[in-house]
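This briefing is meant for a reader who is meeting the structure for the first time. Please keep the sequence and the 3D view open while reading the points on salt bridges and on strand pairing.

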Amino acid sequence: GALGDPWLFEQIFPLEAKLTPEAVYAFTKLSILEYLTSGITAGFDMYYFREAIAQASIDCGFRTVLCGGGGSAQQLEAEYRKFNALHPLISYQLGLHSEYTSSITEMTEAGELARALHAPVFAHNAETAREVAECQDRWGKTPTELFASLGHFDYGGGGFHCVHMTEHDLEIFRDRGLWAVTNPGSNAKLASGIAPLEQMRALGIHMAIGTDGPSSNNALDFFREMYLAAVLQKLRCEDAAALPADDVLHMATVGGAQAMGLTDCDVLAPGKQADLIVIDLQRPNMQPVHNVARNLVYSGSKENVRLTMVAGRVLYENGAFFVGEPVQDIYRAVDTAFAAMRAALRSRLARVRARSVSKRRVRSTRVFSVLRVSSSWVLIARSVSSRMAAQAASPSARMDSRNRSARVSNSFMVTPLKS
């Protein structure tokens, strides 16, 4: 992302402007269904209408960590206190969308709030080369350097994407114990680049894996993300041994839970949350079982997920969902919400086109009014200043006078058309 990114600013943001809480509620439930089929037991969600996201998660029995998307310190603190006390399945981390969508006041206040609450801060960070370059032009710092200077990382946190990181950025992440959440599917689809995960691993930087959103991925499939994280790193490093499967599996499980602050969901152990999945190894893609981690990362798929449990409750088993309502009702709600969004967008586009046509007509009317006034003025001036000459002139001379007047008017007409 960056200020001039046409995908984000011309495609995504206009559509998101038509979202409603009801639509986000329905869409969140659909996302949860897809999460469950992929063995995902918790989501880290930075999006609009966080109340709707939280309620959809609670109604489905799914665990969600909400992440602030920016705004004033008062708004962030209110959300932090509200959502962290709302429900056992819901928690909240401070965050802002990115440097390029935040004012310096918002970023400064986020750092001050992080220090006051002793809380980590997350944001989209170094997703594209352009984002980093523009940030350096504005502030003389990379996004990581800027966030660190404002106190965002005094108590931890991290960044989403972390593709175009400088050596100094990586040092900050290592020294502050920050989390780099890679999104290889999204980064590949949008041609953002490949994050330096092997270099991060060598430096001991904490890493986790995410899917990013459905608009930039489009799937919410953790098996695909694990595979891409592994093989793209080998391609980047030109080394088939880069980023071993054991590390990728750790990033997708323990790493993700710890990055979100879910320290009681990171491993299966007494006293920890019963968030788990059951994998069917008796499938062709899992046989023979020589190395489970490599099988899961390189050969595994959603086909192998037999059960997904959150907080001790089975939400998905053998293709069936147990989320409090029939999935067909969720699909219908999604279709209804999307149809309403599409209609609203079409209506907006129609109004924009109508205004555009109206402006062209007004401009054209003004131009020709000027032409008529200008022509009349020139002709009257000529008539007043050379009445006697005009009376004595031949018809051809009078015609030439009118032609010259028209040429003056036409040259005047060009100016408003260019403005």
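**Salt bridges and a sheet**

Glu 99 counts as buried because its relative accessibility is 2%, and the cut-off for that class is under 20%. The model discussed here is a predicted one.

**The salt bridge of Glu 99**
- Glu 99 forms a salt bridge with Arg 138, and the closest N and O atoms of the two residues are 2.8 Å apart.
- This pair links distant parts of the chain, since Glu 99 sits in the loop between strand E3 (90–96) and helix H5 (104–117), while Arg 138 belongs to helix H6 (residues 129–139), 39 residues apart.
- Whereas Glu 99 is buried, Arg 138 has a relative accessible area of 31% and is therefore partly exposed.

**The salt bridge of Arg 63**
- Arg 63 forms a salt bridge with Asp 275, with a separation of 2.7 Å between the closest N and O atoms.

- The side chains of Asp 154 and Arg 115 meet in a salt bridge, at 2.8 Å from N to O.
- Here too the pair links distant parts of the chain, with Asp 154 in the loop between helix H7 (143–149) and strand E5 (157–161) and Arg 115 in helix H5, 39 residues apart.
- Asp 154 counts as partly exposed because its relative accessibility is 36%, and Arg 115, at 38%, is likewise partly exposed.
- Through salt bridges that share partners, Arg 115, Asp 154 and Arg 176 are joined into one network.

- Strand E10 (residues 313–317) and E11 run antiparallel and are joined by 2 bridges.
- Tyr 316 has Phe 321 as its bridge partner in E11.

Note on methods:
Residues numbered from 1 in each chain as written. Predicted model: local features only at pLDDT ≥ 70, side-chain atom pairs only at ≥ 80, totals over all residues. Heavy atoms only, no water. Salt bridge = Lys/Arg side-chain N within 4 Å of Asp/Glu carboxyl O. Helix = DSSP H or I, 4+ residues; strand = E, 2+ residues; numbered from the N terminus. Buried < 20%, exposed > 50% of the residue type's maximum accessible area, 1.4 Å probe, protein only. Pairing = 2+ DSSP bridges.
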